[in-house]
Amino acid sequence: MAFTLRQLQYFIAVAEQGTVSGAAQMLSISQSSITEAIKELESDLGVALFERHSRGLTITHNGHQFLRHATNILSQVSDARRAFSEQKQDVSGALNLGVTSLVAGYVLSDLLRRYRRAYPGVDVTAMEDNGSYLEHLLVGGELDIAVMTISNLRDRMALQAEIIETSPYRLWLPMGHKLGGADIISVKDIAREPLIMLTVDEIEENTGKLLTALGAKPHVAFRTRSVEAVRSLVATGAGVALLPDLVYRPWSLEGDRIESRDVSGALPVVQVGLVWRRGSSLPTAAREFLRIAETARAVRDR
């Protein structure tokens, strides 16, 4: 029996929520419907997508690989429906985008894939830089739109922003770490551990402020601008990391497992958004990029 789109939707919900109950609540359906759908999907694929344990479900390596396919399938179905549900105009010209390091591979890639499929006649160029420089280029009219973290947007008078994703901070741990079995993990617990610090965008500043506010001086074992390096270092036990859930993946490049846990207390969140010059008359190519980003967010929020 071939799997269904509904099964894919249920699978993605469980992968995102980590529990059947959480997925059922998000989708407003019964837990038994989700459990049965996951079992049928695993039987059809011939692999285990989740590991079952007392705290809920943990996605397997096969499950993580299939998650990318499932997300792409539902995205393509959404695009196909939209192509027939609305009159599509021919759009050409150029679109100049900016992107900050943290979101380049986690948000922009999906938006560009959707946009290029919808409007192949638009010449898209994108550049990666820090947030303050991208703001400068937006104000000067050298960029149409930037996809960036906007939690610390500086020039809010000259720039307009729209949030497309909000991501809380969580703790990354290697498999078998003592904190992984704790009922409650506090920031003070983290301060006792060697910390792998990501130094892109406002991540380092936010992490330092958080620990300092609680009187905890972090022991930074390693600083890096590479998320993949953080993953590898955490997976091999070199330290723990406190990072937005946006960039979490359960496997390092070497295939080692990483766990993610909630931390008690008021942690900051990272807001990712689209930013453009306030009052500017955006070209059609840029307006359509905004529309596609809004549609993508609506699909994720369903």
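The following questions and answers examine selected features of a predicted model.

User: How are residues numbered, and what limits apply to a predicted model?
Analyst: Residues are numbered from 1 along each chain as its sequence is written, and side-chain values use heavy atoms, with hydrogens and water left out. The model is predicted, local features need pLDDT of at least 70, totals for chains, interfaces and linings use all residues, and side-chain atom pairs count only at pLDDT 80 or more.

User: Which residues of helix α1 are buried?
Analyst: Helices (H or I, at least four residues) and strands (E, at least two) are DSSP runs, numbered from the N terminus. Buried means under 20% relative accessible area, exposed over 50%, and partly exposed in between, with a 1.4 Å probe and protein chains only. By this rule the buried residues of α1 are Gln7, Leu8, Tyr10, Phe11, Ile12, Ala13 and Val14.

User: How far does helix α1 reach from its first C-alpha to its last?
Analyst: Helix α1 covers residues 5-17, which is 13 residues. The expected span of a helix is 1.5 Å times one less than its number of residues. For α1 the expected value is 18 Å, and the helix comes close to it, with a reach of 18 Å.

User: Which residue just after α1 takes a positive phi?
Analyst: The phi in question is about 85°. The residue that takes it, just after α1, is Gly18.

User: Where in the chain are the partners of the salt bridge between Arg52 and Glu42?
Analyst: A salt bridge is a side-chain nitrogen of Lys or Arg within 4 Å of a carboxyl oxygen of Asp or Glu. In this pair the closest N and O atoms are 3.1 Å apart. The two residues belong to distant parts of the chain, ten residues apart: Arg52 is in strand β1 (residues 50-53) and Glu42 is in helix α3 (residues 31-45).

User: Is Glu42 buried or exposed?
Analyst: Its partner Arg52 has 49% relative accessibility and counts as partly exposed. Glu42 has a relative accessible area of 13%, and therefore is buried.

User: Which residue forms a salt bridge with Lys178?
Analyst: Lys178 is exposed, with a relative accessible area of 64%. The closest N and O atoms of the pair are 3.5 Å apart, and the partner counts as buried at 10% relative accessibility. That partner is Glu193.

User: How many residues does Ile150 lie from Gly273 along the chain, and which residues does Ile150 touch?
Analyst: Ile150 is placed in the loop between β5 and β6 and is buried, with a relative accessible area of 3%. Its C-alpha atom is separated by 6.0 Å from that of Gly273, 123 residues apart along the chain. Contact means heavy atoms within 4.5 Å. Not counting residues up to four places away in sequence, Ile150 touches Arg156, Ala161, Glu162, Ile163, Gln271, Val272, Gly273 and Val275.

User: Which helix gives the most to the lining of the second largest pocket?
Analyst: The second largest pocket is lined by 14 residues, with Asn130, Gly131, Ser132, Asp201 and Glu202 nearest its centre. A pocket is an open set of points on a 1 Å grid over the protein atoms alone, where a 1.4 Å probe fits, with protein on both sides within 12 Å along at least five of seven lines; lining residues have an atom within 4 Å of a point. Both α6 (131-139) and β5 (145-149) supply at least two residues of this lining. The one that gives the most, with three residues, is α6.
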